[in-house]
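Dear colleague,

Please find the structure below, handed over for your work. My notes on what was found in it follow.

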Amino acid sequence: MNKNTSIFWLQRPLHWSLVFGLTSLLVSCGTNEIPLGSTSLNSRYTEEQPALSGNGRFLAFVSHRNGNQQLLVYDLEQQSFIPIPRLNRPETIAESPSLSYTGRYIAYLTSDQGRPVVALYDRATQQSQILTPIYRGWVRNPNISPDGRYVVFETASRGQWDIEVLDRGPNIELDIPNGATVAPP
């Protein structure tokens, strides 16, 4: 004689603890906790390669929002994006950003005729210029000095990765904090 006992799923203590645990996890991780969207720092897309300005106010990074890769600058103090017109061009990739002290200058990698080149964007003039048009080898990992005069990067022009230091010259407008003095060379 078989005794058939039905156990309702409400009577399983392990199952209920799992249901309550997952429910509380979902409620505590609601989207209200993390701002998401086109105007917030984080989005539902990949954000990578962050670089912080010397004064800690600006953050540059590569984002995959809006269906394409673009370089963005975020003002951490104002909690808003900074417009950078003419930096992100169609059909080019901007990556590996580096910021000067106040974020005026942005050194980054982009492509020119299919080869990576180091470029510099000046937020004051809203213009980009290619700094390495004559390098035959590959370049990567640009980094700009806090005052904006020097840009360092890696190059493979000799068949191995070497470090290059590019001096933009003594006549450029330096990126220094207001009121700071510049020591003579």
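**Salt bridges and a surface patch**

Asp167 and Arg149 form a salt bridge, with their closest N and O atoms 2.7 Å apart (a salt bridge is a side-chain nitrogen of Lys or Arg within 4 Å of a carboxyl oxygen of Asp or Glu). Because Asp167 lies in strand E11 and Arg149 in the loop between E9 and E10, this pair ties together parts that are 18 residues apart in sequence (helices, H or I with at least four residues, and strands, E with at least two, are DSSP runs numbered from the N terminus). Asp167 is partly exposed at 40% relative accessible area, whereas Arg149 is buried at 18% (buried means under 20% relative accessible area, exposed over 50%, and partly exposed in between, with a 1.4 Å probe and protein chains only).

Please note that this is a predicted model: local features need pLDDT of at least 70, side-chain atom pairs count only at pLDDT 80 or more, and totals for chains, interfaces and linings use all residues. Residues are numbered from 1 along each chain as its sequence is written, and side-chain values use heavy atoms, with hydrogens and water left out.

The structure holds eight salt bridges. Among them is the pair Glu47 and Arg65, whose closest N and O atoms are 3.0 Å apart. This pair links distant parts of the chain, with Glu47 in strand E1 (residues 47-52) and Arg65 in the loop between strand E2 (58-63) and strand E3 (70-75). Glu47 is partly exposed at 25%, while Arg65 is buried at 5%.

Arg57 forms a salt bridge with Asp75, the closest N and O atoms lying 2.7 Å apart. Arg57 is in the loop between E1 and E2 and Asp75 in strand E3, so the pair ties together parts that are 18 residues apart in sequence. Arg57 is partly exposed, at 26%, and Asp75 is buried, at 3%.

Strand E9 (residues 139-144) pairs with E10 in the antiparallel sense over four bridges (two strands pair if DSSP finds at least two bridges between them). The two strands form a hairpin with five residues between them, and Gly148 in the turn has a positive phi of about 90 degrees. Asn143 has Val152 in E10 as its bridge partner.

Val152 also belongs to a nonpolar surface patch with Tyr150, Ile163 and Val165, together having about 370 Å² of accessible area (patches are made of residues with over 30% relative accessible area and no salt bridge, like charges being joined within 9 Å and nonpolar side chains, namely Val, Leu, Ile, Met, Phe, Trp and Tyr, within 5 Å; accessible areas come from the Shrake-Rupley method with a 1.4 Å probe, and for residues only the protein chains shown count as cover). Strands E10 (150-155) and E11 (162-167) each give two or more residues to this patch.

With kind regards
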